[in-house]
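Below is a briefing on one protein chain and its fold.

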Amino acid sequence: MTPRMPIEPELIAKHNARLEQDLAADYEHLGAVLARRGVDLEAITARIQRFAVAIPSWGVGSGGTRFARFPVAGEPRNVFEKLEDCAVIQQLGRATPTVSPHFPWDRVDDFRELREFARSYGIVFDAVNSNTFEDLPGRLSYKFGSLTHSDKAVREQAIAHNLECIEIGKQLGSRALTVWIGDGSNFPGQLNMTKALERYLESMRVIVAAIPDGWRAFIEHKLYEPALYSTVIADWGTSFICATQLGPNVQCLVDLGHHAPTTNIEQIVSRLIQFQRLGGFHFNDSKYGDDDLDTGSINPFQIFLVFNELVDAELRGAPGFAPAYMLDQSHNVTDPIESLLESAVALQRAYAQALLVDREALNSAQESNDALMANRTLQSAVRMDVESAIKMARKRNGGAIDPVAVFRDSRYRQCKAAARPQDLTGKSGIV
Ligand code: LRH
Ligand code: MN
């Protein structure tokens, strides 16, 4: 069944026809440059074609901060409209075939209908995200925590929500549950930090016991926010210890924005790979805190260094290496569809450049402590212009050579602004 296409395929073909000749010339040039290095461009392009990252369902709406949120006209009002927009990103970019949903934000009455709706666009559901950081009317409050709350009734409510997310995920065809909790404290002395982690493990054991065969549970750590003094799952070490305590199907999820600015994230990634606990990523970028900015928009070298570890693991066949790639961003001043298109490309770029690292030269420089040559080996890969390889991979996957140009020319956003009337008065909050 050919998936439904939200954008006229003829428009993509018209745009590609104008760009194809230049692309062929650039691609041939890159092929010659890489051939001189003994690298087969076709092999690189084939790997880029297989690269995939999940779209966060909450990412196609406008994001905001605690100060304000400035909605984009025509933004999605429910999960069905979110999936339509995700289908645009997949049709034009051909690197985002899955969507990671969040509950209760994406709750519907009939999850099988939702699965069918997604399938009609060729979209599949990725890891489900639980939410025990917001209160629902008539429910116990998570003000002082959820899975670690001192009140057993609140912990049981949070556990029940996660069990429900697993049941929903089964109906949607997901194969993982991501558990991020904001539990922590704002004052020294407010929380018994040992008891809090004991309660976390006690609660997670119930959740993990309900994880179906073939599924994984991802623990997402975060340094701070909303808790501003201590966070129960604050860093990769705590996440790793908990994963090893909870079972082999429990792994650590690395959200790039969840670390102090100076943290060496690529080393955390190499550790989690080494001990087979790297569950996956929430890719984004940041300058200060958990800014959830577009991937590669602030520090593209950071993303490259992370992919340098991932490609090394992929090429050496690291045991248990199967990271789930997802974006987790908040689009406050751009069109979310354009930002997600560009962010998927930023990941393809980092992946392609990491594939160009001369690993033999790097290894001998490292073994002979030739620091300059080792760093230069990485620098020469990250300096490679791989745009034509990414464009060729996208075109061969049936996408647009210039997705943002086609998106703008399609006037999709303007059409949706008319089709999705809503009040654009900004209220605060990230989604
Ligand atoms: C927490 C987080 C988590 C999501 C939320 C939307 O900061 O990264 O992954 O549940 O953002
Ligand atoms: Mn995240």
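Q276 is partly exposed, with a relative accessible area of 37%; buried means under 20% relative accessible area, exposed over 50%, and partly exposed in between (1.4 Å probe, protein chains only). This is a predicted model, in which local features need pLDDT of at least 70, side-chain atom pairs count only at pLDDT 80 or more, and totals for chains, interfaces and linings use all residues. Residues are numbered from 1 along each chain as its sequence is written, chains are lettered from A and ligands numbered from 1 in the order in which they are written, and side-chain values use heavy atoms, with hydrogens and water left out.

- Q276 sits in the loop between α8 and β10; helices (H or I, at least four residues) and strands (E, at least two) are DSSP runs, numbered from the N terminus.
- The phi of Q276 is near 55°, a positive value in a residue other than glycine.
- R94, which is not a glycine, also has a positive phi, of about 55°, and belongs to the loop between α3 and β2.
- A cis peptide bond with omega of about 15° links F103 and P104; P104 falls in the loop between β2 and α4 (111–120).
- Another cis peptide bond, with omega of about 10°, links E225 and P226, and P226 falls in the loop between β7 and β8 (230–231).
- R4 belongs to the segment before α1 and is partly exposed, its relative accessible area being 40%.
- Although R4 and Y121 are 117 residues apart along the chain, their C-alpha atoms are separated by 4.9 Å.
- With neighbours within four places in sequence set aside, R4 touches F117, S120 and Y121; contact means heavy atoms within 4.5 Å.

## The six-stranded sheet

- An open sheet is formed by six strands in the order β4-β5-β7-β9-β10-β11, and the pairing is parallel; two strands pair if DSSP finds at least two bridges between them.
- Its edge strands, each pairing on one side only, are β4 (128–129) and β11 (324–327).
- β7 (residues 216–220) pairs with β9 (residues 250–255) in the parallel sense over four bridges, and I219 stands opposite C252 in β9.
- β9 and β10 run parallel and are joined by four bridges; here V254 faces F281 in β10.
- How many of the six residues of β10 are buried? Six of the six are, so β10 is largely enclosed by the rest of the structure.
- Helix α9 lies across β10 (278–283) and β11, and runs at about 155° to β10; axes are lines fitted to C-alpha atoms, for helices over the stretch in contact, and angles run from 0 to 180 degrees between N-to-C directions.

## The three-stranded sheet

- Three strands make an open sheet in the order β1-β2-β3, with parallel pairing.
- At its edges are β1 (55–56) and β3 (124–125), each of which pairs on one side only.
- Two bridges pair β1 with β2 (residues 98–100) in the parallel sense, and V99 in β2 is the bridge partner of I55.

## Helix packing

- The axes of α8 (residues 265–274) and α9 (residues 300–316) come within 8 Å and cross at roughly 20°.
- α8 and α9 are therefore roughly parallel to each other; angles under 35 degrees count as roughly parallel, over 145 as roughly antiparallel, 65 to 115 as roughly perpendicular and the rest as oblique.
- The crossing of α8 and α9 is right-handed; a crossing is right-handed if the near helix is turned clockwise from the far one by less than a right angle, and left-handed if anticlockwise.
- I265, E266, V269, S270 and I273 of α8 make this contact with Q302, L305, V306, E309, L310, A313 and R316 of α9.
- The residues of the contact of α8 with α9 comprise seven nonpolar, two polar and three charged; Ala, Val, Leu, Ile, Met, Phe, Trp, Tyr, Cys and Pro count as nonpolar, Asp, Glu, Lys and Arg as charged, and the others, Gly among them, as polar.
- The axes of α9 and α12 (residues 371–382) come within 11 Å and cross at roughly 115°, so α9 and α12 are roughly perpendicular to each other.
- α9 passes α12 in a right-handed crossing, where F301, F304, L305 and N308 of α9 meet L378, Q379, A381 and V382 of α12.
- The contact of α9 with α12 has six nonpolar, two polar and no charged residues.
- In α13 (residues 387–396), the buried residues are S388, A389, I390, M392, A393 and R394.
- These buried residues of α13 pack against α1 (9–36), α2 (41–50), α3 (79–93), α10 (336–355) and α14 (403–410).
- G398 follows α13 and has a positive phi, near 95°.
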